[in-house]
Amino acid sequence: MRTSPVTDAELAAQARAGSGEAFGALVERHAERARRVARAALLDPHDADDAVQDALYSAWQALDRFEPARPFGPWFLRIVVNAAARIAEPFAAFLAPFSA
């Protein structure tokens with residue numbers, strides 16, 4: 001007999017309670033999409049991996065602000081985009097004179 005899969009909201013609730021295993025399961029579900037988003041934003045796979053790593057840490061620290069009634073994926077991807085923007089920010093100032 002198969003049981004229904006654990007939802008992201010359930011995993012997030014378990015992670016909020018301190019379960020690293022539950023957070024790991026969330027990471028496994030969303031890491032590939034996070035990498036694609038970061039690579040599209042940064043165009044460098046190493047910087048993208050750094051952004052995802054930063055986002056994972058930030059998400060772990062911010063789990064108490066996650067609203068379980070909302071989907072986890074978009075919440076996490078917003079954190080990924082913010083991490084990518086922080087990495088790209090120093091380059092934006094350098095490239096600004098060339099974009100005019």
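Predicted model: local features only at pLDDT ≥ 70, side-chain atom pairs only at ≥ 80, totals over all residues.
Residues are numbered from 1 along each chain as its sequence is written, and side-chain values use heavy atoms, with hydrogens and water left out.

Now the overall picture. The protein has 4 helices and 0 strands, and from the N terminus on its elements run α-α-α-α; helices (H or I, at least four residues) and strands (E, at least two) are DSSP runs, numbered from the N terminus. Of the 100 residues of the protein, 30% count as buried. The protein exposes about 6,800 Å², and carbon and sulfur atoms supply 56% of that area, which comes from the Shrake-Rupley method with a 1.4 Å probe, where for residues only the protein chains shown count as cover. If we take the contacts in the protein with a separation of 6 or more, residues 24 or more positions apart account for 56% of them, and contact here means heavy atoms within 4.5 Å.

Let us return to Phe 76, whose place is in helix H4, residues 72–99. What does Phe 76 touch, not counting residues up to four places away in sequence? The residues are His 30, Ala 34, Ala 55, Leu 56 and Ala 59, and two of these names, His 30 and Ala 34, will come back as buried residues of helix H2. Phe 76 and Ser 58 are 18 residues apart in sequence, and their C-alpha atoms are 9.3 Å apart in space.

Helix H4 also holds Ile 79, which counts as buried at 12% relative accessibility. Leaving aside its neighbours within four places in sequence, Ile 79 is in contact with Ala 55, Ser 58 and Ala 59. The C-alpha atoms of Ile 79 and Leu 56 are separated by 8.3 Å, although these residues are 23 residues apart along the chain.

Where does H2 bend? The bend is at His 30 and amounts to about 50°, taken as the angle between axes fitted to the seven residues ending there and the seven starting there. His 30 is also one of the buried residues of H2, together with Ala 22, Phe 23, Leu 26, Ala 31, Ala 34, Ala 38 and Leu 42. Just after H2, Leu 43 takes a positive phi of about 65°.

My last topic is charge. Side chains of opposite charge can pair when their charged atoms come close. The structure holds 3 salt bridges, a salt bridge being a side-chain nitrogen of Lys or Arg within 4 Å of a carboxyl oxygen of Asp or Glu.

In one of them, Asp 8 pairs with Arg 29, the closest N and O atoms being 2.7 Å apart. This pair links distant parts of the chain, with Asp 8 in helix H1 and Arg 29 in helix H2, 21 residues apart. Is Asp 8 buried or exposed? Asp 8 is buried, with a relative accessible area of 18%, while Arg 29 counts as partly exposed at 40%. Beyond four places in sequence, Asp 8 touches Leu 26, Arg 29, His 30, Phe 72 and Gly 73.

Another salt bridge joins Arg 39 and Asp 49, with the closest N and O atoms 3.3 Å apart. This pair, too, links distant parts of the chain, namely Arg 39 in helix H2 and Asp 49 in helix H3 (residues 45–62), 10 residues apart.

Finally, the side chains of Arg 35 and Glu 32 meet in a salt bridge at 3.4 Å, N to O. Both residues lie in helix H2, 3 residues apart, which is about one turn of the helix. Arg 35 counts as partly exposed at 30% relative accessibility, and Glu 32 counts as partly exposed at 42%.

Technical notes:
Buried < 20%, exposed > 50% of the residue type's maximum accessible area, 1.4 Å probe, protein only.
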